[in-house]
Amino acid sequence: HLWYILHARPGKNNESPGLIWDKAFRVHHRSVFGYNLVRALCPNNEARPSVNRQFALLISQPNLYGDVIDAFNERNPHARFTELTGSSATIQLHRVFLPPTAKHNFTQEDAIRVLMHNRIPRAWIDHAYPFGVAFLDYHFKHPSLLVDSFLEADDSRIARLQQYGTPPAIPEWDGWRELTQDDRFCLHAQHQDDVAAFRTLTDELGYYYPIGYDILQPRLPNRRYPPNFNPTSIATNVATSSSPMVTTNVVPGAPTTTPAAIPLPPSPVVVNATLPSSTALPAAETDVEMGA
């Protein structure tokens, strides 16, 4: 956690969208969990931001991953999805292999396939929900050309909140990480270095949530919702929209056979049904270990 405090907090060069910080320099465990999970699955090249975005947007949608798993199990009763289990302190994940030239081909469907390929439990994605929400909020604080996709994702998020409620946490991995005395010494030393070098204090450039802020409140603090914003009407539109399709294998893993089509639950988020061949997951190149 000390590395995040010194190098990845808001305003720093390595600022990491999705991490939740408050004004006491505390970071929320659920956001760190989501950030590390996605980072372990993303490619180690220039394609990472695009792939990271698709994972974060998926995680921000309450129970979307769970709906896909349920649909998969219904279609494949004799080859049901099996989650990671066991008490081992170390697990092995398969990282996405994607050349930078194909980064815009990676879709939310592909993110789902990677999660299922790695047998990621739905409880983990529920637990990572604040990471997805904070990722969305960051991009309303720092608008980009992709703002329309973030607007659609947030509308969908609020509609799904009404339908499913707030994704639950894993109690043992919940709460805020408090600063230690060593953390305070390091922050003070870094602050003094900034002052001595006449640098702009980086903490003033970032966004810190107020102490006591409810990270699970439905509306994002940095999005300007229209005066006539009506989540109920959004939920109605979502429920009556057409159902996009996602492709996945009967047995989650690297594609070797013709995939079976699984309907995603209705959502306004656009899903491209074409799986680019460049998202193959060669186990020999993609083994990543995560400590508990």
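At 33% relative accessibility, arginine 119 counts as partly exposed, a class that lies between buried (under 20% relative accessible area) and exposed (over 50%), judged with a 1.4 Å probe and protein chains only. Arginine 119 also has a positive phi of about 60°, although it is not a glycine. Look for arginine 119 in the loop between helix 5 (108-117) and helix 6 (122-127); helices (H or I, at least four residues) and strands (E, at least two) are DSSP runs numbered from the N terminus.

This is a predicted model, in which local features need pLDDT of at least 70, side-chain atom pairs count only at pLDDT 80 or more, and totals for chains, interfaces and linings use all residues. Residues are numbered from 1 along each chain as its sequence is written, and side-chain values use heavy atoms, with hydrogens and water left out.

## Phenylalanine 25

Phenylalanine 25 has a positive phi of about 65° and is not a glycine. This residue sits in the loop between helix 1 (2-8) and strand 1 (27-28). With 23% relative accessibility, phenylalanine 25 counts as partly exposed.

## Helix 3 against helix 7

Helix 3 (residues 48-59) packs with helix 7 (residues 129-141) at an angle of about 115°, and their axes are 7 Å apart. Here the axes are lines fitted to C-alpha atoms over the stretch in contact, and angles run from 0 to 180 degrees between N-to-C directions.

On the helix 3 side, Asn52, Arg53, Ala56, Leu57 and Ile59 meet Tyr129, Phe131, Gly132, Phe135 and Leu136 of helix 7, where contact means heavy atoms within 4.5 Å. Sorted by class, this contact has seven nonpolar, two polar and one charged residues. In that sorting, Ala, Val, Leu, Ile, Met, Phe, Trp, Tyr, Cys and Pro are nonpolar, Asp, Glu, Lys and Arg are charged, and the others, Gly among them, are polar.

## The chain as a whole

The chain has eleven helices and six strands, and 49% of its 292 residues count as buried. Among contacts between residues at least 6 apart in sequence, 79% join residues at least 24 apart.

The mean pLDDT of the chain is 76, and 68% of its residues reach 70 or more; pLDDT is the predictor's confidence in each residue, from 0 to 100. Over residues 235-292 the pLDDT is below 50, and beyond near neighbours in sequence this stretch has 134 contacts in the model. Where pLDDT is low, the predicted coordinates should not be read in detail.
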